[in-house]
Amino acid sequence: MSASLAVIDPATGASLRELRCDDAAGVERIADAARAAQPGWAALTLSERGAPIARFAALLTERREALARLLITDMGKPIAQARRELEATVARVGFFCEHVGAALAERVVHRESGLREVVVPEALGTVLHLSAWNYPWFVAVNTLVPALLTGNAVLYKPSEHATQSGLALVALLHEAGVPRAVVAAVIGAGATGQALLDQPVQGVFFTGSHATGLKVAAAAARRLARVQLELGGKDPVYVCDDADPAAAAAAVADGAFYNNGQSCCAVERVYVHRRIAPAFIDAFVATVDGFRLGDPLDEGTYLGPLARAAQLDVLTAQIADARAKGGRVLRGGARLDRPGNWFAPTVVVDVDHGMELMREETFGPAIGIMVIDDDAQATALMDDTRYGLTAGVYSRDEARARRVLGALRTGSAYWNCCDRVSPRLPWSGRRDSGFGCTLGDEGIAAFTQPRAWHLRSS
Ligand code: NAD
C-alpha cells in the first residue's frame with residue numbers, strides 16, 4: 001500500500017497536494033470503530049438518524065460553490081456540470097429521507113387465532129462502499145445516505161481520483177451530526193480497497209470497472225457479505241426513421257459527451273436508420289462543433305479535461321483500431337497537444353462491431369455512429385454486447401420503441417431520452433454491468449435485511 005496519493009490537476013497536469021493514505025493498521029482501527037458504533041446508531045429512531053442527514057443536505061446547499069470548485073480540481077468536471085451534480089445530490093438525499101420510512105416499516109403478513117407473522121426490515125450491519133470518481137457525489141450518496149438512514153455503519157473509500165470530494169462529503173456528514181465512527185472515509189487506491197475487503201463487513205457496495213468488480217465479488221464471497229456491483233456499460237441508442245433527426249442528434253450528442261463521456265450511462269454507440277442518417281449525422285457533427293472545450297472553471301465550458309491520464313491511451317488505441325478497420329473520423333481523433341488530459345471530441349462513422357470503439361467501454365469523448373436498415377438489425381446490434389446498463393430509442397412511436405427496448409437485456413430503458421438517472425427509479429445493470437440496485441425504493445431496501453417474527457400471544 002502506498003503511503004500517499006498525489007492530487008493531480010487534470011486540466012494542467014500540475015501536482016496540487018499529497019494525501020496521506022490509511023495503512024493496514026489504520027484500516028483495521030476504522031473498521032473496528034464502525035462495528036462497535038453500529039448497534040447504537042441502529043437503535044436510534046428513524047427521525048434521530050434522519051435529522052443529521054437533513055442537516056447534511058442543507059450544508060451541501062450552503063457550501064455548493066466551494067464543493068463544486070473542489071470537484072474540478074479532483075476530476076476536471078466543468079463548473080456548470082459540477083454545480084448541477086451537487087444540486088441534484090441534494091434532491092437525491094430528499095428522496096431517501098422521504099422514502100426510508102416505508103422501507104423500514106413492519107409488515108404483518110398473516111394473522112390467525114393468537115398468531116401474528118411480521119416482517120421487520122433491519123440494517124445489514126457495517127457496510128463497505130468502494131466508489132468511483134466520475135460522479136463522486138452521486139455515487140457516494142446513493143450508497144451512504146440510504147445505508148445510514150436504515151441504521152448501517154459505513155466504511156467509504158472514495159476513488160483515488162476524487163478523494164478530496166470524498167473527504168469533504170464525510171466531513172459534512174460529521175459536521176451535520178453523524179457520529180465519526182458511524183461513517184468514515186478511508187484514503188487510498190486499490191490496495192486500500194483490498195485491505196478493506198479483509199474486514200468483516202456485512203455488505204460490499206462497489207461502483208467501478210468490470211475488471212475490478214470481479215476481484216471485489218471474489219473477495220466479498222469469502223465473508224459471505226451481500227454484494228452489489230455497479231459496473232461499466234456500452235450503452236446504445238437507436239434513432240428510428242420517424243424521429244426528428246436534428247432534435248435527436250442534439251439530445252444524443254449531449255448524452256454521449258456530457259461529463260466528457262465519463263458517465264456509466266453515457267451513450268457509447270449510435271445506430272441510425274439509413275433514411276435519416278445523412279441529416280442526423282450532419283446535425284450531430286454540428287452539435288459537437290458547438291461544444292466549448294476549455295478551462296473547467298470557465299462558465300461556458302462544456303468539455304473539460306479527462307479525469308485520468310491513462311484513459312488518453314485507451315481512446316487513442318480505440319480510434320487507431322477504428323481507422324485501421326475502415327472507420328472514418330469526422331471530428332477529433334487525437335489528444336490535444338497541451339499539458340493535462342485533453343482529448344478532442346471525436347465522431348467516427350463507417351463503424352462496425354469488429355471495432356473496439358463499438359465493443360469496449362470508451363469512457364471518454366468519442367462515439368461511433370453506424371447506419372442500419374431496420375428495427376430487427378438495430379435490436380440485434382444493440383444487444384450484441386456483454387454489458388447491459390441502459391439503451392435508448394428515439395422514435396415518435398412508443399409501441400415501436402418499447403418493442404425494441406423490451407428485447408434488450410438492460411437495467412434501464414429510455415424512450416426519447418438517454419444518459420438519465422432518476423432517484424425515483426431503481427438503477428441496476430444486467431450481465432457484465434453488474435447486479436443489485438441503488439436508487440428507488442429498491443435501492444433503499446438493498447441496505448436492509450428482513451427479520452421474520454413469529455409472534456404467538458397464547
Ligand atoms: P475502478 O474499477 O478502477 O475503481 C473503482 C474503485 O475500486 C476505486 O475506489 C478503486 O480504488 C477501487 N479498487 C481498485 N482495485 C481494487 C481492488 N483490487 N480491491 C478493492 N478495491 C479496488 O473504476 P473507476 O475508474 O473508478 O470507475 C470507472 C468505471 O466505473 C467505469 O467502468 C464506469 O462505467 C463505472 N461506473 C459505473 C456506474 C454504475 O452505476 N453502473 C457508475 C459510475 C461508474
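I count two residues as in contact when heavy atoms lie within 4.5 Å. The model I am looking at is predicted.

**Entry 1. Domains**

I looked up the domain assignment of the chain first. It gives domain 1 as 4-231 + 431-456 and domain 2 as 235-422. I then took the C-alpha centres of the two domains, which lie 30 Å apart.

**Entry 2. The interface**

How many residues of domain 1 are in contact with domain 2? I find 26 residues on the domain 1 side, and they touch 31 residues of domain 2. I noted a buried area of about 2,500 Å² between domain 1 and domain 2, with carbon and sulfur atoms giving 50% of it. On the domain 1 side, I see Gln81, Trp133 and Arg431 losing the most area to domain 2, and together they make up 26% of what that side buries.

**Entry 3. Polar links across the interface**

I searched next for charged pairs. The rule finds three salt bridges across the interface of domain 1 and domain 2. I also looked up the pair Arg386 and Asp432, which forms a salt bridge with its closest N and O atoms 2.9 Å apart. For polar contacts between domain 1 and domain 2, I have a count of 19 residue pairs, both residues being at pLDDT 80 or more.

Which helices each supply at least two residues of the domain 1 side that touches domain 2? I list helix H3 (64-75) and helix H4 (79-104). H4 gives the largest share of that side, six residues. By residue class, I sort the domain 1 side that touches domain 2 into 11 nonpolar, eight polar and seven charged residues.

**Entry 4. Thr89**

I stayed with helix H4 and picked Thr89, which lies in it. Is Thr89 buried or exposed? I record Thr89 as buried, because its relative accessibility is 0% and the cut-off for buried is under 20%. Leaving aside neighbours within four places in sequence, I find Thr89 in contact with Leu60, Trp137, Phe138 and Val141.

**Entry 5. Leu197**

I moved on to helix H7 (residues 190-197), where Leu197 is placed. What does Leu197 touch, not counting residues up to four places away in sequence? I list Leu128, Leu130, Val204, Val216, Ala219, Arg222 and Arg223. I also checked Leu197 against Ala225: the two are 28 residues apart along the chain, and their C-alpha atoms are separated by 9.8 Å.

Conventions: Residues numbered from 1 in each chain as written. Predicted model: local features only at pLDDT ≥ 70, side-chain atom pairs only at ≥ 80, totals over all residues. Heavy atoms only, no water. Domains from an automatic or database assignment. Buried area = accessible area lost by both parts, 1.4 Å probe. Salt bridge = Lys/Arg side-chain N within 4 Å of Asp/Glu carboxyl O. Polar contact = N/O pair within 3.5 Å; in protein donor to acceptor, adjacent residues only side chain to side chain. Helix = DSSP H or I, 4+ residues; strand = E, 2+ residues; numbered from the N terminus. Nonpolar A, V, L, I, M, F, W, Y, C, P; charged D, E, K, R; others polar. Buried < 20%, exposed > 50% of the residue type's maximum accessible area, 1.4 Å probe, protein only.
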